[in-house]
Amino acid sequence: MDWDYNQLLNDYIVPWGIKLALAVAIFVIGRWVARAIVGVLRRLMRKGGMDDILVNFCSSILRVLLLVVVVVAALDQIGLNTTSLVAILGAAGLAIGLSLQDSLKNLAAGVMLVIFRPFKAGDFVEAGGVSGTVQEINIMNTRLLTPDNKEVIVGNGDVVSNTITNFTAQPTRRVDLTFGIGYEDDIDQARDIIRQVLADHPMVLDDPAPVGAVSALADSSVNFVVRPWAKTEDYWKVYWEVTEQVKLGFNRGGVSIPFPQMDVHMDKVA
């Protein structure tokens with residue numbers, strides 16, 4: 001069999017060589033363009049003050065998407081049926097997404113946490129059913145340190161899907177206390193003792209003004225609500241010390257704190 005090398009060269013080698021060279025050029029230039037676009041995006045996001053976690057996450061996603069576009073364009077230049085390839089990639093992505101839906105939920109929730117910032121590292125929060133100080137916010141989970149020094153890792157999906165309470169978001173907090181006195185005790189005297197304790201405590205704020213008032217006539221006691229305000233970092237110190245000082249003031253003033261009691265009346269049947 002005689003080969004027509006000129007025909008082979010003109011019909012196959014040269015056209016395919018050109019297509020292959022163009023495909024390689026598209027791939028190389030496309031990678032460079034993708035890298036440049038990702039670099040510009042990273043600089044813009046950092047200039048906008050976005051969190052490094054979100055910057056890295058968005059950059060990685062964009063890089064992968066751009067590389068997929070570049071590869072598809074290069075394969076299309078060679079002459080491959082990219083429509084089938086895109087369909088296969090879409091089906092594979094759907095299958096992977098369904099199998100990793102919990103992980104993807106945590107991933108999406110992590111992005112929301114980084115964007116909306118309901119808390120930051122160092123805040124004391126209740127999130128995902130756990131209370132603790134935020135140590136780190138990752139793209140998949142949040143690491144908390146409980147008051148008794150236990151490290152708890154909570155999936156971001158659980159954090160976002162439940163109520164988030166940030167105890168340290170504001171500079172001040174109200175301390176809610178309740179004290180009960182006996183029905184036979186002097187209400188004015190008890191109120192004066194409470195007000196004096198609040199006035200003397202150095203960490204109780206003057207603005208907003210503290211409140212001490214009768215709130216309920218309970219079964220066994222007359223209850224006072226006491227509402228001083230304090231700096232957030234002083235909350236527990238005010239809570240404990242005001243409780244102690246009110247008890248000591250009641251003792252000095254002869255004001256009783258009654259135990260729960262029940263009066264039982266017995267009728268004698270003849």
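1. F124 is partly exposed, at 24% relative accessibility. The cut-offs: buried is under 20% relative accessible area, exposed is over 50%, and partly exposed lies in between, with a 1.4 Å probe and protein chains only. F167 is also partly exposed, with a relative accessible area of 25%. This is a predicted model, where local features need pLDDT of at least 70, side-chain atom pairs count only at pLDDT 80 or more, and totals for chains, interfaces and linings use all residues. Residues are numbered from 1 along each chain as its sequence is written, and side-chain values use heavy atoms, with hydrogens and water left out.

2. The structure holds six aromatic pairs. One of them joins F124 and F167, tilted, at 5.7 Å centre to centre with 55° between the planes. Rings of Phe, Tyr and Trp (its six-membered ring) pair if their centres lie within 6.5 Å; planes under 30 degrees apart are stacked, over 60 edge-to-face, and the rest tilted. The F124–F167 pair links distant parts of the chain, 43 residues apart. F124 sits in strand β1 (residues 124-127), F167 in the loop between β5 (165-166) and β6 (172-174). Ring pairs also link Y235, W236, Y239 and W240 into a cluster.

3. Overall, the chain has seven helices and ten strands. These are DSSP runs, numbered from the N terminus: helices are H or I of at least four residues, strands E of at least two. Of the 270 residues, 28% are buried.

4. Which way does α6 pass α7? The axes of α6 (residues 187-200) and α7 (residues 235-253) come within 9 Å and cross at roughly 140°. That makes α6 oblique to α7. Axes are lines fitted to C-alpha atoms, for helices over the stretch in contact, and angles run from 0 to 180 degrees between N-to-C directions. Under 35 degrees is roughly parallel, over 145 roughly antiparallel, 65 to 115 roughly perpendicular, and the rest oblique.

5. At this crossing, Q189, A190, I193, I194, V197 and L198 in α6 meet V242, Q245, V246, G249, F250 and G253 in α7. Contact means heavy atoms within 4.5 Å. By class, the contact has eight nonpolar, four polar and no charged residues.

6. I29 lies in helix α1 (residues 5-47). I29 is exposed, with a relative accessible area of 53%. C-alpha to C-alpha, I29 and V70 are 8.9 Å apart in space and 41 residues apart in sequence.

Note on methods. Nonpolar A, V, L, I, M, F, W, Y, C, P; charged D, E, K, R; others polar.
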